[in-house]
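Please open the model in your viewer and keep a selection panel at hand.

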Amino acid sequence: MPGRKSAPMIVSPTAYRRVWGSLFGKYLLLTNTISSGFLMSLGDVVSQEIEYRKNLVVKRYDWKRIGQMFLVGCLGGPFHHVFYKWMDNILPRSDVITSVKKIILDQAIFSPFCIFTFFYSAGWLENQNLAECNRELREKFLTVYFADWTLWPAAQFINFYFLPPQYRVLYINVVTMFYNIFLCYVKHTDTSFFKFIETKKD
């Protein structure tokens with residue numbers, strides 16, 4: 001009848017569960033990749049806001065840089081997916097000892113790999129040559145790796161001990177969103193471990 005309001009469409013809980021199951025089941029790799037890119041770029045937005053408020057940059061948001069950080073995050077997503085799946089295969093238990101073993105593997109192998117991947121992929125997207133990427137990595141690697149050890153062992157214990165495997169990368173991406181504020185700040189400012197030590201000595 002004219003003027004009659006149509007009833008609102010109601011999505012059943014079963015449909016939500018089906019979508020959720022697909023995202024963290026059949027399409028888990030895609031979910032991990034896109035979420036890595038989105039949360040990396042979101043961290044960069046916050047980093048740029050900090051840089052702007054500290055008068056380190058004139059323009060508030062560099063959308064090209066935000067897009068580049070999205071691509072960097074998307075590049076890292078599949079590596080996270082494969083590495084955590086591999087660790088869960090060789091260390092399938094969720095007890096304290098197994099979780100500690102996974103943390104050691106993560107910090108000894110995957111953390112340095114992620115730092116290398118971040119600086120070289122971001123540098124490539126920003127048109128840095130190989131020599132410039134090498135120099136930046138030498139200057140900033142210890143800064144980032146030291147920060148890794150202050151954050152990730154505790155964060156990863158929660159991941160490995162409490163969470164089901166399919167949610168590992170999403171959890172890491174959420175934590176990384178906040179960590180990326182620091183990471184993007186280090187990448188785009190004149191910050192290094194050695195300069196910090198020299199400042200403390202002075």
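Begin by selecting tyrosine 161, which counts as partly exposed at 33% relative accessibility, where buried means under 20% relative accessible area, exposed over 50% and partly exposed in between, with a 1.4 Å probe and protein chains only. This is a predicted model, in which local features need pLDDT of at least 70, side-chain atom pairs count only at pLDDT 80 or more, and totals for chains, interfaces and linings use all residues. Residues are numbered from 1 along each chain as its sequence is written, and side-chain values use heavy atoms, with hydrogens and water left out.

Now show the aromatic rings, of which the structure holds 18 pairs; rings of Phe, Tyr and Trp (its six-membered ring) pair if their centres lie within 6.5 Å, and planes under 30 degrees apart count as stacked, over 60 as edge-to-face and the rest as tilted. Select phenylalanine 83 with phenylalanine 110, a stacked pair at 4.4 Å centre to centre and 5° between the planes. The pair links distant parts of the chain, 27 residues apart, from helix α3 (residues 63-90) to helix α4 (residues 96-125); helices are DSSP runs (H or I, at least four residues), numbered from the N terminus. Phenylalanine 83 is buried at 9% relative accessible area, and phenylalanine 110 is buried at 5%. Return to tyrosine 161 and phenylalanine 162, whose pair is edge-to-face, with 4.8 Å centre to centre and 85° between the planes.

Finally, select Phe79, Phe83, Tyr84, Trp86, Phe110, Phe113 and Phe160 together, which form one aromatic cluster.

Terms used: Helix = DSSP H or I, 4+ residues; strand = E, 2+ residues; numbered from the N terminus.
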